Amino acid sequence: MSRYSKVVVLCEGRQDEVFARTFLVKCGFMVARIRFVVAPKGIGSGEKFVREQYPKEVIAYRSNRNRIQNSLVVMTDADVIPVSGRMKYLEDKLQDERQNPRRPDEAIGIFIPKRNIETWILFFMGQQVDEDTDYGHFNKQSVCKPYVEKYAKSRKQALPDNAPESLKLACSELARIV
Amino acid sequence: MLKRIYVDNYKCLVNFELTFGSICLFLGPNGAGKSSVFEVLQNLRSFIGGEGRLEQIFKHTSLTRWQTLHIQTFELEVEGNKGIYKYLLKVDYDIEGHKARVKSELLSYNKKPLLRFEQGEVHLYRDNHSVGPVYPFDWHLSAVSSIFARPDNKLLTWFKEQVSQIIVVQPNPALMTEISETEFDMPSYHLENFVSWYRHLSQDQGFAIELNKTLREVLPGFDAFKFEKSGDQYRFKAHFRNENKNESVGYGFGDLSDGQRMLIVLYALTLAVKMQHYTLCLDEPENFLALPEIQPWIVQLFELCEQDEAQALLISHHPELIDYLLASPVGLWFERSGNLPTRVRPVVAPGESGVPVSELIARGWLNE
């Protein structure tokens with residue numbers, strides 16, 4: 001087994017990172033084998049950072065996948081546009097860089113919580129949520145950990161009907177990674 | 001947790017104030033005053049811990065060169081016991097005689113006094129803030145350091161204990177010995193005594209087990225640590241498992257590479273910080289590490305700090321560490337032009353720069 005990164009997580013911020021790390025570790029990945037590429041905290045948009053970085057990470061994935069069994073996890077908020085709209089932004093960006101669209105056999109998972117990652121976390125915490133409300137940030141990102149771990153443990157079970165639609169869509173992406 | 005420091009008239013720190021979160025990254029050019037802050041913390045820890053007399057710890061050469069004032073001021077704010085402690089130390093220097101004495105040492109909890117040491121006289125206050133004993137005391141020692149635990153001074157002794165948990169280190173694997181003659185309960189500045197400190201920490205079986213488990217993930221082939229006794233000494237060995245055999249081979253700690261020793265030290269420090277609730281001041285931790293080893297370690301430390309299980313103040317110039325940590329607002333930029341005092345401001349990364357923050361720093365564009 002290679003000792004170097006096997007999963008690259010490209011995400012908008014620290015909350016996404018904690019969510020992804022907690023989930024992946026619970027699924028059996030070693031934290032030392034996960035590489036995080038997180039948008040720097042500043043005045044710019046995390047979404048734009050992910051969109052700009054996405055083709056570069058896809059190129060890196062594709063050019064190394066024959067040598068290294070790796071995978072790419074992308075996390076970006078849908079915000080106020082549909083999940084399909086955010087997905088199209090990423091596809092268009094690939095096309096702009098003259099890259100082929102994602103193929104089904106590629107371990108590239110794109111996770112787009114709507115409205116944002118806090119919506120999913122609050123759902124895991126047992127709250128009734130909708131995908132239009134901006135629930136704001138948690139004071140501590142680690143608050144999500146026990147709930148994400150619980151979800152990761154039961155990930156093979158079907159989600160309840162009241163789960164956010166964006167989370168249901170994410171389940172098909174999950175199959176590419178774990 | 002350490003919340004604030006104020007320093008006046010110490011090297012380049014003049015009327016200097018800094019507030020801390022659970023993790024902070026000190027950034028800035030050489031000579032900007034980052035290490036001076038660590039030095040002050042180390043000195044205060046030593047003084048309050050009773051490790052020496054005032055003039056052994058605070059040297060008159062540390063007075064700010066361009067000032068004529070002979071008094072240095074240090075303040076610490078520490079959060080704990082559901083309140084805020086404020087500690088103040090004023091050091092008065094006799095330049096010609098190369099001497100120093102305590103002008104005043106004050107400690108309060110939630111703005112109510114616990115100890116006042118002025119004019120060579122200590123005034124103690126009990127936990128219920130009633131007036132306690134008054135007695136003369138040596139001008140060259142910390143009055144706080146001399147207080148031993150009693151049922152009515154738990155607030156004061158908690159502070160003393162908490163300050164003793166500040167550790168300031170700049171690990172240097174080349175200086176670490178693999179032989180231990182005795183246990184040490186604190187690491188030395190360059191971790192020269194790492195093996196003896198590990199002996200102390202590993203009395204807690206949980207520590208040894210968890211460290212072994214972590215190192216098996218990050219150090220290929222690593223199995224476990226063992227001590228070999230030879231006379232009064234112990235030799236520290238790291239055992240590595242053979243790929244195809246169910247056996248391991250022991251290497252003396254000194255036989256490991258600098259990078260391997262550094263990796264072991266950093267994960268041991270991180271775990272110790274978690275278990276002992278240290279405030280860890282770590283100067284250039286990434287030295288000697290291979291590039292893929294930096295992020296997994298800093299992820300672990302960051303997570304502990306974010307969960308308030310630890311506090312870490314880091315100095316680093318490494319892009320890997322800078323770019324990871326600055327995804328959170330934890331950066332503090334130190335700067336100093338010419339012979340002027342150090343000034344600090346939070347690092348705000350411009351989002352549209354097109355290059356990582358570390359690259360902005362390398363180009364000198366961050367604060368332009």
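A residue is called buried if 20 or more other C-beta atoms lie within 10 Å of its own, exposed if 12 or fewer do, and partly exposed in between, with C-beta atoms placed from the backbone. The structure is a predicted model, in which local features need pLDDT of at least 70 and side-chain atom pairs count only at pLDDT 80 or more, while totals for chains, interfaces and linings use all residues. Residues are numbered from 1 along each chain as its sequence is written, and chains are lettered from A, with ligands numbered from 1, in the order in which they are written.

Chain A contains six helices and four strands; helices (H or I, at least four residues) and strands (E, at least two) are DSSP runs, numbered from the N terminus. Their order from the N terminus is β-α-β-α-β-α-β-α-α-α. The radius of gyration of chain A, 15 Å, is close to the 16 Å that the globule rule gives for 178 residues, so chain A is as compact as a globular protein of that length. Here the radius is taken over C-alpha atoms, and the rule is 2.2 Å times the number of residues to the power 0.38. Of the 178 residues in chain A, 38% are buried.

Lys145(A), Val148(A) and Tyr151(A) are buried. These residues lie on the same side of α5(A) because they cover an arc of only 130 degrees around the axis, the arc being that of the directions from the helix axis to the C-beta atoms. Pro146(A) and Lys153(A), on the other side of α5(A), are exposed. The buried residues of α5(A) pack against α1 (14-26) and α4 (117-124) of chain A. In the loop between β4 (108-111) and α4 of chain A lies Arg115(A), which a cis peptide bond with omega of about 5 degrees joins to Lys114(A).

Chain B is assigned domain 1 (1-165 + 278-368) and domain 2 (177-276); these bounds come from an automatic or database domain assignment. The C-alpha centres of the two domains lie 29 Å apart. Between them, 17 residues of domain 1 are in contact with 13 residues of domain 2, where contact requires that the C-beta atoms, placed from the backbone, lie within 7 Å. Helix α7 (residues 291-306) of chain B gives the most to the domain 1 side, with six residues.

Contacts link 22 residues of chain B with 21 residues of chain A, and α7(B) gives the most to the chain B side, with six residues.

The largest nonpolar core has 158 residues, and those with the most contacts inside it are Val9(A), Leu115(B), Tyr267(B) and Ala312(B). Such a core is a set of buried Ala, Val, Leu, Ile, Met, Phe, Trp, Tyr and Cys residues joined through C-beta atoms within 7 Å. Helix α6 (residues 258-276) of chain B provides the largest share of this core, eleven residues.

Lys11(B) counts as buried because it has 21 C-beta neighbours inside 10 Å, whereas Lys82(B) counts as exposed because it has 7.

Definitions and conventions. Contact = placed C-beta atoms within 7 Å.
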